Amino acid sequence: MTGIDERIILWINDLVGKSAALDRIMIWLASDYFIPVTISLILLAIWFLGQGTAERENYQRAVICAFITIGFTSGFILAANHIYSHPHPFEALPELKATIAQIFYEIHDPAFPSNTAAVTFGAAAGLWQKNRKLGYLMLIPAVLMPLSKIYAAVYWPSDIVAGAVLAILTSFLISWVVMPLAEPMIGGLIKVMRKLCLA
Amino acid sequence: MAATEVVTREIVTRAEYLIFIFTASVGVLQLVAARTQLKGLLFFKKPVLAYPFSLLLIIGSFWWFFVRDDRIDTVMRQPGLEGSGQFYNFCMGAFAALLFTLAVSSLIGLLRRRGQRNENENSEGLDTLRQMSYYEAVKRNFRSKED
């Protein structure tokens with residue numbers, strides 16, 4: 001896996017510095033704030049979208065599922081980081097030090113699995129479990145941020161894949177086990193919010 | 001005595017992040033209210049004003065946070081708020097934006113509807129806000145509970 005990872009990351013990093021516009025886009029996408037805030041604002045908007053009670057409730061359940069998925073995935077990432085860790089690309093390959101300085105900064109969190117991919121894919125997969133259309137829409141920012149982190153030499157491709165797979169598996173756990181178990185609480189929350197004219 | 005060089009590294013502060021989230025969230029709430037015809041949440045009743053106002057808030061807040069003073073090239077490429085801190089502050093900022101939107105739109109609704117009364121009282125939840133302000137809707141809900 002390391003050989004494939006290295007080949008992919010070196011091939012992608014060869015693009016850094018070739019196009020100012022591409023570098024600029026990647027700086028925005030890799031930023032700690034741009035995509036996470038965009039995803040959160042989209043989730044906020046989805047809560048209030050929907051025509052009619054049934055459609056809106058489906059959207060709101062999708063938002064709740066996404067939030068719980070992100071929370072659980074973050075917990076699993078923390079646990080996984082204690083079990084296994086390996087260096088980031090910019091640590092393992094010194095020639096990439098210049099790349100990361102151009103696009104991002106040297107992070108100190110463990111690389112495997114990527115928590116960036118876990119959070120963005122957690123949002124997309126959580127929404128997808130309850131509403132396919134919204135899930136596919138959220139997949140766009142979910143893919144772009146991890147991709148930019150590979151471009152910046154922050155993560156290996158396998159870190160991203162592992163984070164994404166963990167998030168997708170967690171979304172199934174949430175949808176099939178946690179949401180049905182928590183149904184009295186979730187149903188109650190939506191009822192109270194509806195009484196308060198907020199759902 | 002050798003002069004001590006003080007290196008200051010500017011980072012994104014919690015206050016900046018909260019202002020950004022608050023402003024962007026107010027914009028998103030106005031945009032969604034305009035899109036779904038939740039007139040009770042709107043600051044401007046006419047879509048021709050509501051849409052540009054909401055977009056101005058969203059784009060303006062992103063510009064203020066990321067672009068001014070070349071921030072995307074400086075502070076945005078430094079370690080700033082931790083993930084959990086970001087999440088907590090997002091919730092705080094978005095909640096404050098919701099309260100602000102409900103309060104301002106209710107006040108505007110009260111001023112607009114002086115002496116008028118709503119006849120259609122069958123809707124529930126967010127749909128109520130298609131016809132009346134948040135204050136009127138909650139008052140109606142709790143009044144009907146007492147009756």
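Analyst: Two residues are in contact if their C-beta atoms, placed from the backbone, lie within 7 Å. The model is predicted. By that cut-off, the contact takes 25 residues from chain A and 27 residues from chain B. On the chain A side, helix 2 (20-30), helix 3 (34-48), helix 4 and helix 10 (183-195) each supply at least two residues. Helix 3 of chain A gives the largest share, eight residues. By class, the side of chain A that touches chain B has 17 nonpolar, four polar and four charged residues.

Now the packing of helix 3 of chain A on helix 4 of chain A. Their axes lie 7 Å apart, at an angle of about 150°. That makes the two helices roughly antiparallel. Their crossing is left-handed. A:Leu43, A:Ile46 and A:Trp47 of helix 3 meet A:Tyr59, A:Gln60, A:Ala62, A:Val63 and A:Ala66 of helix 4. Seven of these residues are nonpolar, one is polar and none is charged.

Helix 4 of chain A (residues 53-83) also packs with helix 7 of chain A (residues 115-130). Here the axes come within 7 Å and cross at roughly 150°. Helix 4 and helix 7 of chain A are therefore roughly antiparallel as well. This crossing is right-handed. From helix 4 of chain A, the residues in contact include A:Arg61, A:Ala62, A:Cys65, A:Ala66 and A:Ile77. Among their partners in helix 7 of chain A are A:Ala118, A:Val119, A:Gly122, A:Leu127 and A:Lys130. The contact of helix 4 with helix 7 of chain A has eleven nonpolar, eight polar and two charged residues.

Conventions. Residues are numbered from 1 along each chain as its sequence is written. Chains are lettered from A and ligands numbered from 1 in the order in which they are written. This is a predicted model: local features need pLDDT of at least 70, side-chain atom pairs count only at pLDDT 80 or more; totals for chains, interfaces and linings use all residues. Axes are lines fitted to C-alpha atoms, for helices over the stretch in contact, and angles run from 0 to 180 degrees between N-to-C directions. Helices (H or I, at least four residues) and strands (E, at least two) are DSSP runs, numbered from the N terminus. Angles under 35 degrees count as roughly parallel, over 145 as roughly antiparallel, 65 to 115 as roughly perpendicular and the rest as oblique. A crossing is left-handed if the near helix is turned anticlockwise from the far one by less than a right angle, and right-handed if clockwise. Ala, Val, Leu, Ile, Met, Phe, Trp, Tyr, Cys and Pro count as nonpolar, Asp, Glu, Lys and Arg as charged, and the others, Gly among them, as polar.
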